[in-house]
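Open the model in your viewer and keep the sequence panel beside it.

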Amino acid sequence: WNYHVTHFVTSAPDVRHLPDDTGAEVAFAGRSNAGKSSALNALTQQKSLARTSKTPGRTQLINLFEVTDGIRLVDLPGYGYAEVPEEVKRKWQKSLGEYLEVRQALKGLVVLMDIRHPMKELDQQMVTWAVASEIPVLVLLTKADKLASGARKKQLATVREASLAFMGEVQVELFSSLKKMGIDKLSQKLDEWFTE
Ligand code: GTP
Ligand code: MG
């Protein structure tokens, strides 16, 4: 698929406000500030398709983008951000959980983790849950440009090894929106999921 023609469809506070549950969707999940929205922009080669921010918690709604008729990408609210009020946090986690649980169109989950702080408890929960629900997962270690090449490779090996124990057979790749690293791996995986 040509991801460059992706366009915004709608934002929804919860699953009930999303368009019909038909076609195929791949969702981008991860802790707040992991680089989900930036990854979507890098993939689609659009500067401001998804809104990004230095402030964690920027994406508070489920944002839907359409690649082409019936093929969608989803920017999910981040999890694990401590600084937002408990009430707001509860609301996000609820809509996130509901989306993952009920959405039939969901064909794959991209879980993004900052390469400097991967595999936090909520990340592991997210991947474990997806594997248990038979939703295919791709883990991207984001902001790979923040580490020197040696440290980067070492961290990749560490996460791959640790993920075997915690999450089973899950593909883990390096990614950088800034340096356009890992975009081919991502689009290949999306093509695969959207073709199945
Ligand atoms: P929430 O919507 O709050 O959950 O965050 P998010 O996961 O969508 O993160 P976002 O894409 O908004 O990026 C957060 C911050 O990280 C921004 O300041 C980005 O510029 C920065 N960032 C994202 N990707 C990269 C990357 O590949 N390299 C570097 N160096 N910075 C990045
Ligand atoms: Mg975001």
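Which residues of α4 are buried? Before you select them, note that this is a predicted model, in which local features need pLDDT of at least 70, side-chain atom pairs count only at pLDDT 80 or more, and totals for chains, interfaces and linings use all residues. Residues are numbered from 1 along each chain as its sequence is written, while chains are lettered from A and ligands numbered from 1 in the order in which they are written.

**Stop 1: helix α4**

Select residues 149-167, helix α4. Helices (H or I, at least four residues) and strands (E, at least two) are DSSP runs, numbered from the N terminus. The 19 residues of α4 reach 25 Å from first C-alpha to last, close to the 27 Å expected at 1.5 Å a residue (the expected span is 1.5 Å times one less than the number of residues).

Now colour V159, S163 and M167: these are the buried residues of α4. Buried means 20 or more other C-beta atoms within 10 Å of a residue's own, exposed 12 or fewer, and partly exposed in between, with C-beta atoms placed from the backbone. V159, S163 and M167 cover an arc of only 35 degrees around the axis, so they sit on the same side of α4. The arc is taken from the directions from the helix axis to the C-beta atoms. Their cover includes α3, β6 and β7 (contact: C-beta atoms, placed from the backbone, within 7 Å).

Turn to the face away from the buried side. It carries the exposed residues G150, K154, A157, E161, L164 and A165. Just after α4, G168 has a positive phi of about 80 degrees.

**Stop 2: the sheet**

Show the strands. Seven of them form an open, mixed sheet in the order β1-β3-β4-β2-β5-β6-β7; two strands pair if DSSP finds at least two bridges between them. β1 (7-12) and β7 (171-174) are the edges, each with a single partner strand, so one side of each lacks a neighbour in the sheet. From one strand to the next, the twist averages 25 degrees (axes are lines fitted to C-alpha atoms, for helices over the stretch in contact; angles run from 0 to 180 degrees between N-to-C directions).

Select β2 (24-30) and β4 (71-75): they pair in the parallel sense over five bridges. V26 has L73 of β4 as its bridge partner.

**Stop 3: two loops**

Pick N33, in the loop between β2 and α1 (36-44). Its phi is positive, near 75 degrees. N33 counts as buried, with 22 C-beta neighbours inside 10 Å.

Methods: Two residues are in contact if their C-beta atoms, placed from the backbone, lie within 7 Å.
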